[in-house]
Each structure stands twice: as C-alpha cells, then as structure tokens.
Amino acid sequence: MSLHINTAAAATQSKQKYSFNKLQKRIRRNVGKAIDDFGMIEDGDKVMVCLSGGKDSYTMLDVLMYLQRIAPISFDIVAVNLDQKQPGFPEHILPEYLNGLGIDYKIVQEDTYSIVKEKIPEGKTTCSLCSRLRRGILYRTATELGATKIALGHHRDDMLETLFLNMFHGGKLKSMPPKLVSDDGKHVVIRPLAYCTERDIEKYAASVEFPIIPCNLCGSQENLQRQNIKMMLQDWNKRFPGRIESMFRAMQNVTPSHLVDKNLHDFKAIKATGEAQPEGDIAFDAPEFDTVPHPDTAESITIVNLTE
C-alpha cells in the first residue's frame, strides 16, 4: 500500500514538474519574441523594471533576469518599487525578496496616498490620479538612475481590455503599445509581457510562490469599466475558445484602407487603376475562419463562431 502511494505521488510530482517546465518555457519564449519583434532591449541598455509586488511585475523581473543571463547582448537591470505610503503596506517584503535575488534595486518613498485621498472625493475611483502621480515619479527615478528603458508589467489581456475600453468609452481604436516614448519625451517605455496571457502569469506566479502584495491596500474602488470588459472577454474565451487569440492577432494585422480614419488613409486620392487589388472590396465576403492554437496545448481549435 505504501509503495502504491509513493508511486502515485511520484507520478503526480513528475507531471506537475513537466507542466511547470512547459509553462516556464512558453512565458520565456513569449517575452523573448516580444523583445525581438519590437526591439525593446538593446546592447548596453539599463532597464528599470517597475516592481509593484503583483504577479505581473514579479514574473517580468524573473524572466528578464533569465534572459539577461543567456542573451547575446549585455544589459543591466535595476528593480524599482514605489512605496506610496498606503496604510498596511508591508514595506519589508520587496527589500527582502530583492536582497535574496542579489540584484540592484531602489525603493522610492513618496506619500502619494495622502495626496490622492485629499484630492479625490470619498467613494470615487482613485486609480487615475494615482497612476499619473506614480508615472511622474517613475520617470524622474529613471532619469536619476540613468535608465535607458522603463519596463512595465502589462500583458496581452491588459492590452485587449484597453482596446475595448477605448472603443466602448473613448470612441478611439487604440490600445497599450508594446513600446512607446514616455509622456515627457525623455524615456522609452517597454512592455515585455505583451505576448503573455494573464492565465499563464497567474499559474507561473502561483507555482514559483512569489511574495505577492495585494493591490487593494489603498481601499480604492476597482475600475468598474475595466472589470466589465475583463468579464466580457473571459466569458467569450470560455464559450468560444480561440476568440481571444484571434482578436489579439487582429491588433497585429491592421488594414487602414478598410477602416474609416481619413488621417490614416488618403481616401480622396483613390482612383481606379484597372488592376486587381489584393484587399479590394471584400466587406461583404464571408469571413475566413482560422485555426488558432490554444495556449495550453499543442492542439488546434477551429473557431466556428465569431459573431455572437
């Protein structure tokens, strides 16, 4: 009986190790591909990794440290956390974790919590003002540290949610870019997790057991609009596997001539050429259904419904 239990436990452990290795390789591969596709990190860069204490930024730091060891280029990493003096913030967790890693880091202490509480009425969402204050402090810190890149932990799902938020509530077709110039024009901001799914990151963070710091310390209400978008996308993903992957691919395959933005395409200059056009007028053609690989398996799933 004891031998049977030990054998079963060993088999379970082996399976878990295999699954973790597969997950780790997928995340590392996705981060490496994003960095390469968008030229995020170059030889000699000093990358300031913004570490909040959440699953996303922990995973980003973990993978960047791995890539730093194996990459054919040389770049430095400095982790930065902004302690905003929220009540109950466990100040000891990040320094202990970062000291254990043996990497350069800086804890910036700024009481933005009091400013936000003073400016925002009780019950209103504080995230917008908090974000602006945090961004300014991080830009200043990057300058002080001589960082050439600022790395943020936004992932693929964040980018899709932002796309729909802007469409539904802002009347704009835009998302979070994987790489951009900062508001002040002095820094380059990168998002190395651009190709990573939140589901993968959650699994990875749980497996590695990062010392997660909850993001509800400030007592602010959740951004209800973003939460609604997140729930909508999660529902679509459950009912129509592969839809999320298809939408993200659409963000990478834009045809300005088939949208309605006159600033992106010169519609007034259009004239018949007598030659067939590859994109042509295909608005009324039946949509083509692609086969999209599911992120957790090597199998493919055929999308049969995109119009619910």
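Trainee: Leaving aside neighbours within four places in sequence, which residues is N81 in contact with?

Mentor: Please bear in mind that this is a predicted model. Beyond its neighbours within four places in sequence, N81 is in contact with L51, S52, F89, L94, K106, I107 and V108. The residue belongs to strand β2, residues 76–83.

Trainee: Is N81 buried or exposed, and which backbone oxygen lies 2.8 Å from a polar atom of its side chain?

Mentor: Buried means under 20% relative accessible area. N81 has 4%, so it counts as buried. The backbone oxygen is that of L51.

Trainee: Which residues touch the most other members of the largest nonpolar core?

Mentor: That core has 49 residues, and V31, I41, V49, L61, L64 and L233 touch the most other members. Helix α2, residues 55–70, supplies the largest share, 7 residues. Apart from this core lies another of 14 residues, including M48, C50, V108 and L138.

Trainee: How many aromatic pairs does a search of the whole structure find?

Mentor: The search finds 9. Y58 is buried at 0% relative accessibility, and Y97 is buried at 18%.

Trainee: Which residues do ring pairs link into a cluster?

Mentor: The cluster consists of F20, Y58, Y97, Y204 and F210.

Trainee: Over which ring does the charged end of R28 sit?

Mentor: The charged end of R28 sits over the ring of Y66, 3.5 Å from its centre. Likewise, the charged end of R243 sits over the ring of W236, 5.1 Å from its centre.

Conventions. Residues are numbered from 1 along each chain as its sequence is written. This is a predicted model: local features need pLDDT of at least 70, side-chain atom pairs count only at pLDDT 80 or more; totals for chains, interfaces and linings use all residues. Side-chain values use heavy atoms; hydrogens and water are left out. A nonpolar core is a set of buried Ala, Val, Leu, Ile, Met, Phe, Trp, Tyr and Cys residues joined through side-chain atoms within 4.5 Å. Buried means under 20% relative accessible area, exposed over 50%, partly exposed in between (1.4 Å probe, protein chains only). Helices (H or I, at least four residues) and strands (E, at least two) are DSSP runs, numbered from the N terminus. A polar contact is a pair of N or O atoms within 3.5 Å; within protein, one must be able to donate a hydrogen and the other to accept it, and residues adjacent in sequence count only if both atoms are side-chain atoms. Contact means heavy atoms within 4.5 Å. Rings of Phe, Tyr and Trp (its six-membered ring) pair if their centres lie within 6.5 Å; planes under 30 degrees apart count as stacked, over 60 as edge-to-face and the rest as tilted. A charge sits over a ring if NZ of Lys or CZ of Arg is within 6 Å of the ring centre and within 35 degrees of the ring normal.
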